Amino acid sequence: MAKLTLLTRIYNSHQLRQIDKILGELLDELNVDATITDNLAGRWVELDLSGEDESVATNLLAREIGFCPTNIENVKKFSSLKGYTVGLGKNEELIVDIGVFQPKPIYAAIPLLHLQTHLVSGKKFSLKKICELLSIGENVPLEIKVLNVDEKENHIEAELHSNQIKQFSSWRDSLLDRLLIIGASLYEINTALNQEHLNRDIIDTEQLGMFEYALVCKLGTDGTGLISRIGRKLRKAKFFVFEPKKVLALNHTS
């Protein structure tokens, strides 16, 4: 039997049932039992895998969802990891939860200088300003690269992965607003769009995580203007808006 912790954030107990359903669909063709056993630290999902196809199922889940490192000993220098934004650190660092929580939570820290260099053309914007500009809010998924692991000091230094930087650049260059929805399933989002007759304003839905999505607005649609309408259907979700015109305008300031 394998005991694993999925690298996916959950926001309420109802989502445990949704994950259980997703696991059933993913593993339907395999001879394996997957049982959710706990909701660790209020955000990570622990499960037991057992059966003839346990190793195949483990590899499949690692590829489709990913697993938490759980302990700092499992975090390796230069490894690529997915994490969720926690907030702004005291030392001008962006704090990212990568799923290290045993024996205590340890987060990855991204220095401000890295964000200035790769996200705003080296301009000396504050950490708060950069996060507002790029819609890097609480629980927004990010792909990072580990630069250094200090087990004695319980410190993990990281930078944004090149794929993450390319995503922000692609969003900027598209000139289309994106409405980030954190804490809702795709079904809930689509239901809200249908009920509010907003489908014509959205040209695509990008999956950032299991319960995190970016709605791509059609040209001319203001992402901020959609929040009041979709927000009344998704009251427990959080919203952030990526506005390419603002990013481009500030990047061209001296």
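## Strand pairing around β8

Two strands are taken to pair if DSSP finds at least two bridges between them, and this criterion applies to the predicted model described here. Strand β8, residues 155-160, is joined to strand β7, residues 141-150, by six bridges, and the two run antiparallel.

## Overall dimensions and burial

The secondary structure of the protein chain amounts to eight helices and 12 strands. For a chain of 254 residues, a compact globule would have a radius of gyration near 18 Å, and the value of 19 Å found for the protein chain agrees with that expectation. Along the principal axes, the C-alpha trace spans about 60 × 50 × 25 Å.

Of the 254 residues, 49% count as buried, while the chain exposes about 12700 Å², of which carbon and sulfur atoms supply 48%. When contacts between residues at least 6 apart in sequence are considered, 66% of them join residues at least 24 apart.

An open sheet of three strands, paired in antiparallel fashion, has the order β1-β3-β2. Its edge strands are β1 and β2, the latter spanning residues 33-40, and each of them pairs on one side only. On average, and with direction ignored, neighbouring strands of this sheet are turned by 25° against each other. Helix α1, residues 14-26, packs on the sheet and touches β1, β2 and β3, its direction making about 155° with that of β2. Helix α2, residues 54-64, likewise packs on the sheet, where it touches β1 and β3, and its direction makes about 155° with that of β3.

Between β1 and β3, the latter covering residues 44-50, there are five bridges in an antiparallel arrangement.

## Phe 239 in strand β12

Phe 239 is found in strand β12. Because its relative accessible area is 18%, Phe 239 counts as buried, the cut-off for that class being under 20%. Leaving aside neighbours within four places in sequence, Phe 239 is in contact with Leu 179, Leu 180, Ile 181, Ile 227, Ile 230, Gly 231 and Leu 234. The C-alpha atoms of Phe 239 and Thr 117, which are 122 residues apart along the chain, are separated by 26 Å.

Arg 235 is placed in the loop between α7, residues 223-231, and β12, residues 238-242. With a relative accessible area of 70%, Arg 235 is exposed, since that class begins over 50%. A polar atom of the Arg 235 side chain lies 3.4 Å from the backbone oxygen of Arg 232. The C-alpha atoms of Arg 235 and Gly 183, 52 residues apart along the chain, are separated by 10.0 Å.

Notes
Residues are numbered from 1 along each chain as its sequence is written. This is a predicted model: local features need pLDDT of at least 70, side-chain atom pairs count only at pLDDT 80 or more; totals for chains, interfaces and linings use all residues. Side-chain values use heavy atoms; hydrogens and water are left out. Helices (H or I, at least four residues) and strands (E, at least two) are DSSP runs, numbered from the N terminus. Buried means under 20% relative accessible area, exposed over 50%, partly exposed in between (1.4 Å probe, protein chains only). A polar contact is a pair of N or O atoms within 3.5 Å; within protein, one must be able to donate a hydrogen and the other to accept it, and residues adjacent in sequence count only if both atoms are side-chain atoms. The radius of gyration is taken over C-alpha atoms; the globule rule is 2.2 Å times the number of residues to the power 0.38. Contact means heavy atoms within 4.5 Å. Accessible areas come from the Shrake-Rupley method with a 1.4 Å probe; for residues, only the protein chains shown count as cover. Axes are lines fitted to C-alpha atoms, for helices over the stretch in contact, and angles run from 0 to 180 degrees between N-to-C directions.
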